[in-house]
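Here are my notes for your first read-through. Keep the structure open as you go.

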Amino acid sequence: MKHINIQKYSHLKSAVATYSIDENAVFGQFIFVANGAKGHLNVRQSEGHVVGRLHENFPPLLARVRKMLCGVRGVLRARRVAGVLCRTAASEVGQPLTADTVLADKYEKKRTQAKPFAKELFLGRVDYDLFAYPEVLDPERLQTLNEMVAPIEKFFNERLDSRAIDREAKIPPEVLNALKEMGLFGQQIPEEFGGLGLNATEFARIAEVTALDGSVAVTLAAHQSIGLKGLLICGTEEQKRKYLPRLATGEWVAAFCLTEPSSGSDAASIQTRATLDKDGKTWRLNGGKIWISNGGIADFFTVFAKTEQFDEIGQKEDKVTAFVVERGFGGITSGKPEDKLGIRGSNTTEVHFDNTPIPMENVLGEVGGGFKVAMNILNSGRFSMGSSSAGVLKKLIKLVTTHATERKQFGKQLKEFGLIKEKVAKLSVDVYAMESMAYMTAGILDLYDNPDCAMEAAMVKVYSSEAAWTGVSECLQILGGLGYMKDYPYERYLRDSRIMMIFEGTNEIMRIFISLLGLQHAGAELSETVRKARNPLLYPGYTYRLLRMNFRHTMDAPKMNLRLKGYTHPSLEAATNNVEYCVLRLQYATMIVLQRYGKGVIDAQLELRRVADIAINVYAAFASVSRASRSYCIGLHNAEYELVLAQTVALKTLALVKQYVGELEVGPLNGLDQAHMDIGKKLHQSEVILDYAFSIKTESISDTQDCVSILVTALQDLQNGINDIIVQSQRPAINWCKEEIISPLNEVPLDDPFHDAENFVSDETQQLDAAGLLVHWDDKQEATEDPVIVIKNIDKDAASLEVLNSVFDAVSEKSWTESEPQEPLDEVQQFECLNCNETFSDAGELEAHRAKNHTLPTACDLCGKVSG
Amino acid sequence: MARVLVGVKRVIDYAVKIRVKPDKSGVVTEGVKHSMNPFDEIAVEEAVRMKEKKLAAEVIAVSCGPTQAQETLRTALAMGVDKAIHVEVTGKDLDTLQPIHVSKILAKLAQDEKADLVIVGKQAIDDDCNQTAQMTAALLDWPQGTFASKIEKGDGILTIVREIDGGLETVKVKTPAVLSADLRLNEPRYATLPNIMKAKKKPLKKLTPKDLGVEIKAHQEVVSVEDPPVRQAGSIVPDVDTLAAKLKEGGFA
């Protein structure tokens, strides 16, 4: 970056410019000081037109310049102003900057965020500010950061035996101590409390390195990303002074206690309870938490528990409250470390609280405000997952590219094969997107005061955890058999990376979170739109525009009215256009689901997933393009390569958005979704799918129906605890039963489980037999009118019941669908209201119910009056 | 108590795969990771330990090189050095900079800073010259203890164990003296993050060779830098006799 002084230009006292010049284009990012105000301006002069935009608020004089430049194309004055700036920049190359302080100010002062970035995307709006990729660190801080990274990297490469940590499932104490000494336990704790006071960007950069060992990374993250984060976010000054210094040195390790056996993703349903003692000064904590990272080594716990509150009208209700708990309070026991798939060295245990006394002043935040505290902690802890996954993948890419160069097959190096090239390329593209997203998110956190950034962080989490999982898996694949061996690190990284899709909010929950948050944000604003759209006669112009917009969208040709391409370097024009298209399509997708489901959208999870994926990928593309533009403008070492990477991210996003918007347009009727839902439903009814093609020859409907009724009664008896069941029924059904189920078993000696395979006719019998249920046909009864089935020796354990259940299910399913397809018995439950879960026996009733209770207000086409 | 001057050099990181420039004028340094010469790290560690044992009053690190050499100095400061001096050598001078020039600079600084002890790494891993300590001692006319694997400080006397071919040699030198650190002298520490932050506040003085009266003049010319020859494929011999015959043939036995 070159800094220049352009005092010559009258209304600018001084300015810093970064620029790159090629033959026919001048592109610059200027940082100004004028009349005491600061800001920056992106200017591009190319092929006879100028596009520029000033960021930040300026006093009147510069506001005029801003007016001249904002979105103006080919306007003479703007061209002149920008031209002067650019020429000055070009002519004064290398002159020293007079105002170093300007830079310092720029980096230290936090701005207020005008609008949340990612949420606005759902409305088809883009924060142009972020096209100037956040530059958070001034040159000095950047250098310090690099100095910090070097010894950590060295330590991780030289002193850490990750394989041993994985094998022994323990981080050696001397390693933990060394990590503490290095200061890694107090990264984001302010300097005044003995920490390093790193901002989000610096924290993310260091996470890239610490992630090289999954166990260490999780231990560190559990300590400071979640464990003590609550204290940082909403601790009182006293709490901070008391605990932070000890936590910063690692003398105390922190843990975050939320999850319970019955409460995973549904965090509000926790059972641990805190009750206020009679003296009103001490809380008593009781309950058990599971899967607590650092649970066995921590001395400091952020614990969430239910407390009894009185609401406004004086009724008792349970609310979640957060507490800061020291191990020394007593009554705290930790279980033995869990034996895990990956991150084996991190200490994960149960933590039990038995009447643990907590003083009043250790409530974190407000009493009853704990759920918000928990969500704030989790939301702010996620962003660094992007950079840590990128760190791991970058290391593996280095390893696999070396392997691909050295290894030869069929007389060629692996790297010459197309499929290997493709894998490595996809990896690099993913890493670029991950890094761009992670550092943009960190940048937003650092640049703005109290930014609304939860959605961005969730996006980073979903994208990077999945890209890491597939990426590591692909790296392993490039090594082939070698990758599968424990002598190589790939399998360990694969196991370690798996957790990222699960912890700190599963990716499923994150997707629903992202899309619901986005839809909520959009919905608030769109209600106006919807109101207008429903009163077309009152707003003819608006209706016309809306119709035209929708029409263009249905033709897959949205009007590109965001004019994004002026904000990035000209060589990224195509990619920027792709981003713009995708943003507009996200808006369209938002409108589709809102219009289709209204408030019921909360249950349309498959659609929500698509919306979330579109949004996540749009963010990835936006961040990548913005970053590449910056790199190219300031002439970074590999800038041209970055352009290609960013263009590829944009292309990938484009393809995905096209696919998902297409599917959303079709809606839930799209065959695959319906099929998935049906199959999913069946699977939950009976865990075992019978592969037997159920070739029963039912002579008459009544035969099978009778048979079913026998079996169903049998099952009921079984469930009621009757061991030997005798079922009586009419002859035709019994015949079928005898032929299909009972007879084959009769031919099998009852006491010989390893019977002759020939005699073993039906799969049902196999199932029953396997489950230890021996079915016996009582022959003596055959002569009478009502023969009997006797099912003997029934083992009442759950597994056997389930197998029997499945057999009966299959029988009933088959018979009913065969006999009366128009009125399937099994389908009774399908008439279920999506809004209130009430069930109805036929579709008509459901419709009536919905019409009565859940109809969205619709407007009359003629008068515009809204009715139920 | 002694004042210790430590020389540190910024070199291409030991883990980097070295690439020779196409025109054979040198190796590629642009965009390549650099770090402190590992032997210099040992020298810094030794000096810092002396300070921690109250054997030294102040430790000063010196580096000659481009602006980025300051990063190396910051590392030294983070490891516990008290102040740093950067002798800026850039452009053409950097290409001609040789151990003799560095020795002159170190000798001058040792006098200016009233140092009692100069410690450097035994050699740098980039040019492997192994000359600086010896020449500095000569210029100052101080005793020298090179390849030290153990240093013990007595009153005005240093006992140094040197690693030499075939064993260890113990020498005693009077201070002031010049020492060079060998691999087994100690195990350098990792700079901790809090110390890196603190290091930012420590003084870093900038000088040029001119300020010290040292002229960087070329005494030699690099004709060509080449990759080491690629190892030829070997062959497997069926038995010992053939091996012996082959060795004889090659003149090895």
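Does A:Lys242 count as buried, partly exposed or exposed, and at what relative accessibility? A:Lys242 counts as partly exposed, at 41% relative accessibility. Point 3 returns to this residue. One caution before the list: this is a predicted model.

1. **Chain A overall.** Chain A has 868 residues, and 52% of them count as buried. Its secondary structure comprises 27 helices and 21 strands. Look next at the contacts in chain A with a separation of 6 or more: 69% of them come from residues 24 or more positions apart. The chain exposes about 40400 Å², with 53% supplied by carbon and sulfur atoms.

2. The structure holds 49 salt bridges over all chains. One of them pairs A:Glu208 with A:Lys394, with the closest N and O atoms 2.8 Å apart. A:Glu208 sits in helix α8 (residues 200-210) and A:Lys394 in helix α13 (residues 384-406), so the pair ties together parts of chain A that are 186 residues apart in sequence. A:Glu208 is buried, at 7% relative accessible area. A:Lys394 counts as partly exposed, at 31%. Both residues belong to a network of salt bridges that also links A:Arg205, A:Glu435 and A:Arg627.

3. **A helix joined to a strand.** A:Lys242 forms a salt bridge with A:Glu326, and here the closest N and O atoms are 3.5 Å apart. This pair links distant parts of the chain: A:Lys242 is in helix α11 (residues 237-249), A:Glu326 is in strand β10 (residues 316-326), and 84 residues separate them. Why does A:Glu326 count as buried? Its relative accessibility is 13%, and buried means under 20%.

4. **A bridge within one helix.** A:Arg610 and A:Glu607 meet through their side chains in a salt bridge, 3.0 Å from N to O. Both lie in helix α20 (residues 605-633) of chain A, three residues apart, which is about one turn of the helix. A:Arg610 is buried, with a relative accessible area of 3%. A:Glu607 is buried too, at 2%.

5. **A positive patch.** Which residues form a positive surface patch? They are A:Arg545, A:Arg548, A:Arg552, A:Lys559 and A:Arg563. A:Arg548 is placed in helix α18 (residues 540-554). It counts as partly exposed, at 39% relative accessibility.

6. **Chain B overall.** Chain B has 253 residues, of which 43% count as buried. It contains seven helices and 11 strands. Its C-alpha atoms fill a box of roughly 65 × 45 × 40 Å along the principal axes. Chain B carries 37 positive and 36 negative charges, and their mean positions are 6 Å apart.

7. **Backbone details to check.** A:Ala169 is not a glycine, yet its phi is positive, near 55°. It lies in the loop between α6 (162-168) and α7 (173-182) of chain A, and is partly exposed at 32%. B:Lys114 also has a positive phi, about 55°, without being a glycine. Its loop runs between α4 (99-112) and β6 (117-121) of chain B, and the residue counts as exposed at 63%. Finally, the peptide bond from B:Thr175 to B:Pro176 is cis, with omega near -5°. B:Pro176 lies in the loop between β9 (167-174) and β10 (177-181) of chain B.

Methods:
Residues are numbered from 1 along each chain as its sequence is written. Chains are lettered from A and ligands numbered from 1 in the order in which they are written. This is a predicted model: local features need pLDDT of at least 70, side-chain atom pairs count only at pLDDT 80 or more; totals for chains, interfaces and linings use all residues. Side-chain values use heavy atoms; hydrogens and water are left out. Helices (H or I, at least four residues) and strands (E, at least two) are DSSP runs, numbered from the N terminus. Buried means under 20% relative accessible area, exposed over 50%, partly exposed in between (1.4 Å probe, protein chains only). Contact means heavy atoms within 4.5 Å. Accessible areas come from the Shrake-Rupley method with a 1.4 Å probe; for residues, only the protein chains shown count as cover. Patches are made of residues with over 30% relative accessible area and no salt bridge: like charges are joined within 9 Å, nonpolar side chains (Val, Leu, Ile, Met, Phe, Trp, Tyr) within 5 Å. A salt bridge is a side-chain nitrogen of Lys or Arg within 4 Å of a carboxyl oxygen of Asp or Glu. Lys and Arg count as positive and Asp and Glu as negative; His and the chain ends are not counted. The place of a charge is taken as NZ of Lys, CZ of Arg, CG of Asp or CD of Glu.
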